Amino acid sequence: MTTSFPSTGTFPSEPAELQRDELDAAYLELCKSYRSLMVSRGLYRGKADRNRAAMQKLETKLREIANREASIRQEAYEMLEIVTNVVGELEDAGDDLVNEFGAYQMGRRSYQGGGFLGGLIKAIARFIRRWTSTKQQLEAIVEKQQTMQATLEDGTDGTTR
């Protein structure tokens, strides 16, 4: 519904020079143009209001997505920290076992294996304790993973990842 408005140059610059019927015609044309302009302005304002509301809705949705992604990212970093701790603990426990077993092997050659056997058994006990604690940490990781998966499945809003 595009309406072409008359140029301002089409209206007389000096209305005193006009005849009454020309003046009436110019006045009616101005009224018609003004009415059409006001309708057009109302349509434009309505579109602008709808666009503003759509932008606010989009902004809200984007903020929700950003917040959800931030919380998921934080949980992923927490899980990574737990995994790093677990791997570090297992590496330390494995190193202790290897070192104590090496000391036992060297002590056995010199007929002093009995003392090193106690160290090997202590290293085995430390390994078992660390293994048990890392399994508990692994359970925490699995729980976080399930929570994150549920969050992703519940909060997708029809979007694909």
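This note comments on the helices, the nonpolar core and the aromatic pair of a predicted model.

1. Basis. Residues are numbered from 1 along each chain as its sequence is written. In this predicted model, local features need pLDDT of at least 70 and side-chain atom pairs pLDDT 80 or more, while totals for chains, interfaces and linings use all residues; side-chain values use heavy atoms, without hydrogens and water.

2. Overall fold. The chain has two helices and zero strands (DSSP runs numbered from the N terminus: helices are H or I, at least four residues; strands are E, at least two). Of its 161 residues, 12% are buried (under 20% relative accessible area; exposed is over 50%, partly exposed in between, with a 1.4 Å probe and protein chains only).

3. Nonpolar core. I72, M79, I82, V86, I141, M148 and L152 form the largest nonpolar core (buried Ala, Val, Leu, Ile, Met, Phe, Trp, Tyr and Cys residues joined through side-chain atoms within 4.5 Å). Two or more residues come from each of α1 (20-109) and α2, and α1 gives the largest share, four residues.

4. Aromatic pair. The whole structure holds one aromatic pair. F127 and W131 are stacked, at 6.2 Å centre to centre and 15 degrees between the planes (rings of Phe, Tyr and Trp, the last by its six-membered ring, pair if their centres lie within 6.5 Å; planes under 30 degrees apart are stacked, over 60 edge-to-face, the rest tilted). About one helical turn separates F127 and W131, because they are four residues apart in helix α2 (residues 113-154). F127 is partly exposed at 26% relative accessibility, as is W131 at 41%.
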